[in-house]
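Please read it alongside the sequence and the model.

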Amino acid sequence: MMGSENQGFEEAHLYASKEEMENLVLDEPLNDNKSHSNYRSALSSLADTHHPLSPPVAATPADSDPLLAPPSYSDFGNPSIHDNSYLDPPSYADVTFSPFDGDTGNDINGIESPSKSSDNSGSLSRSPSSSSEYIKITVSNPQKEQETSNSLVPGGNTYVTYLITTRTNIPEFGASEFSVRRRFRDIVTLSDRLAESYRGYFVPPRPDKNVVESQVMQKQEFVEQRRVALEKYLRRLADHPVIRKSDELKVFLQVQGKLPLPTSTDVASRMLDGAAKLPKQLFGESAVAPHEIVQPAKGGRDLLRLFKELRQSMANDWGGSKPPVVEEDKEFLERKEKMHELEQQLSNASQQAESLVKAQQDMGETMGELGLAFIKLTKFENEEAMFNSQRVRAADMKGLATAAVKASRFYRELNAQTVKHLDTFHEYLGLMLSVNGAFSDRSSALLTVQTLISELDSLHSRAEKLESASSKIFGGDKSRIHKLEELKETIRVTEDAKNVAIREYERIKGLMLDDDGI
Amino acid sequence: MEPQQRSVSGSSQSPRSPSSQPFLSVSVTDPVKLGNGVQAYISYRVITKTNFPEYQGPEKIVIRRYSDFVWLRDRLFEKYKGIFIPPLPEKSAVEKFRFSAEFIEMRRQALDIFVNRIASHQELQQSEDLRTFLQADEEMMERLRSHETGIFKKKPADLMQIFKDVQSRVSDVVLGKEKPVEESNPEYEKLKNYVFELENHLAEAQKHAYRLVKRHRELGQSLSDFGKAAKLLGACEGNALGKAFSELGAKSETLSIKLQKEAHQLLMSFEEPLKDYVRAVQSIKATIAERANAFRQQCELAETIKLKEINLDKLMLTRSDKVGEAEIEYKELKAASEEATNRFETIVRLMNEEIVRFQEQKTVDMGIAFHEFAKGQARLANGIADAWRSLLPKLEVCSS
């Protein structure tokens, strides 16, 4: 029975001391004899004003015990360097985070990639360069518009356009303020074009298409959500020191009227394209045009090239021999590893931030509901009161209820702030996407180089064989000679392609060495 | 031996000067888990200190289990009709298996309050059953407990059944089947309505209070997870930024602990009193049912007597030899009727006193509970604000 003492109590200090428990007889409140008689005298004097149960409790020493005067909360805040009374909703906004202030939108493009330790790391401050130049983009005024051209459904096919307003002092734009109307599809186009032109850079990812959400959500909410996302995206583009000067962005922001449609967006036509090319590729004209080398093999269109590159990557992984050009930059590999780790932790932190926000929200809600329940009780007791003690109790409850409702409001406020700040995690996660994109650009460029080199090797050896075979036959074998000619031509083209590919790879590599892909 | 503070007076009157006045103070302590598996139960040490003459001595310690408390409650309910017997914590067959420390502590606290309320009630404290409970040795207690269980045990369901019987009788009246057996006392009607509605309101408040406890726990957990994630993130970064993150994470974890503590506080000092209030109201409902019963008995006997009178007169007229028998019967009935009337009137009188006492008691109880709630929340908010505030200068260092 003796060990039982501990058994029953997990953490002794969490519970009231045993002594207190023994002294708990109901007609005497825990800490105070006074309150009891106060209460009695209050009853007898029929007063139901200021609640008698306000004993000075010794519990929190530093308290100037504001609980003595329930309504006035002004004695609460200990003045400190940073805050004003944190109970006033308006000033809460100024209270914290001043060191980190600054438009988070501008900071994300990470002139300093977060993991680089040589920077003045930790600073989310603005980029030091281009201090006087600015581009400010606003997205607003969503409007429904009708698809004018051939729609199968008459009167159907509406879409939303957004007004995109730009203010800038960059001379290349030729004007200081201008607007255009764009739809989401145009953003997709812009994003694709940028991905092509700026391979190897940290290109910010565009907002998701959110097909499911667009069906399920309320129209207004969805449009608003999209508007916000678009604005964020365009601002990030504008902050990117290289992309902000790009033609694609300029055209997007300035040129009135509809943007040219992207080339074959849908899978079907791409597949058709690819299928059409395939015979050509299989029956001899197997070279990939050099200018296309610069792009990664696109699904559907470059089937053969995809096959070859896939084979090459398998050979890299499983084959015994080392591929001709290898990713030897250890620093790059290390950085890639670090980025991966960072991305994981960011993702984790982002998730936890979300749960935290939810927990705070729940707390605020429940507190509010509690307050409401007590308000109802108060009303009830007051209506049905047959004794004065009931009125006293009702007054107590009202006090509690009011406080609870107020607290609930504060929680809501707190959460709004929390969301705003913790959202940074999400934004950084978005940045990780562009980093990953750049890394994979580099890998795919390398793979292309490797593939071409292997191909050249096999072409050369075929040529050799043909030569030695036809040299044995005097006068030459017409068909073989012809084949040889073709082969040599192919080799030349492939050689060119290889050079282009190597140049591209080196370019991307160069980007990474030098300011991490900016 | 726990040093017993000089006492808390044994009745609900104003505080008296200690030593000369009669006192009875009890504490329920030391929960110990005994037995195994399905048979497992908790035993408590019940310590009594008193100067009442009827008691065996100034101090006595016995071991009791939950069913003993139930026995006491049932006996008191039987004997003291009209008085609101203090409520017991729920039986809770499910939680019993887990026997979490929190559950045990909550139960112990509730049992302690239960006994003390009895000990401080002017009438109840005189009860012989109470004396037995506080002093009898364990074997005797066991005998009593198992003997009485079958006969007197009234589960709340039974009480409700009784009440429903009363209500169904009322509907019978409406359908014209029986004479009315409900009191036609408008003030009493008002009281009954009040009690029923009060229970609903209180139950809702208690539900939200319980949820609030849960929210505190969830928020605590979130802060802890978030803190850990922030620390891991800090490990990825280097130098000042990494440090900033790990400071943030550490603070978050500290706050998580505060929140868990507050959750527990909230449970014990706010939610539990609300639950107790609900139970008390349910006890009142049981008394209301008893009063209805007593009233009905009184009415039935009055009816029967009238019939017997008529019968007796008839017999006397016909000079039947059954007259003697009938007269005896009539006298017995008359006595029973008087008794029933007395019982009913006692209940009415007691209830009137009890209601006043109940309301006053509840006001005090809830006042304390609200006070504790406010204090706890204020303390928590201060703690949270302090923690974050103290983080700021550290973060500033990192960012400069």
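Where in H8(B) is there a kink centred, and of about how many degrees?

## Helix H8 of chain B

In this predicted model, the kink in H8(B) is centred on B:Leu267 and amounts to about 35 degrees. Helix H8 of chain B comprises 80 residues, residues 239-318, and at 1.5 Å a residue these should span 118 Å, which agrees with the 117 Å that separates its end C-alpha atoms. Just after H8(B) comes B:Arg319, whose phi is positive, at about 50 degrees.

## A buried glutamate

Helix H8 of chain B also holds B:Glu271, a residue that is buried and yet has no salt bridge. Its nearest side chain of opposite charge belongs to B:Lys275, at 4.4 Å, whereas a salt bridge requires a side-chain nitrogen of Lys or Arg within 4 Å of a carboxyl oxygen of Asp or Glu. When neighbours within four places in sequence are left aside, the residues in contact with B:Glu271 are B:Gln206, B:Ala209, B:Tyr210, B:Val213 and B:Leu266.

## Strands of chain A

Strand E2 of chain A, residues 158-168, is largely enclosed by the rest of the structure, because eight of its 11 residues are buried.

E2(A) runs antiparallel to strand E1 (residues 135-146) of chain A, to which 10 bridges join it, and within this pairing A:Val139 has A:Ile164 of E2(A) as its bridge partner. E2(A) also pairs in the antiparallel sense with strand E3 (residues 177-183) of chain A, over seven bridges, and here the bridge partner of A:Thr161 in E3(A) is A:Arg183.

Key. Residues are numbered from 1 along each chain as its sequence is written. Chains are lettered from A and ligands numbered from 1 in the order in which they are written. This is a predicted model: local features need pLDDT of at least 70, side-chain atom pairs count only at pLDDT 80 or more; totals for chains, interfaces and linings use all residues. Side-chain values use heavy atoms; hydrogens and water are left out. Helices (H or I, at least four residues) and strands (E, at least two) are DSSP runs, numbered from the N terminus. The expected span of a helix is 1.5 Å times one less than its number of residues. The bend at a residue is the angle between axes fitted to the seven residues ending there and the seven starting there. Buried means under 20% relative accessible area, exposed over 50%, partly exposed in between (1.4 Å probe, protein chains only). Lys and Arg count as positive and Asp and Glu as negative; His and the chain ends are not counted. Contact means heavy atoms within 4.5 Å. Two strands pair if DSSP finds at least two bridges between them.
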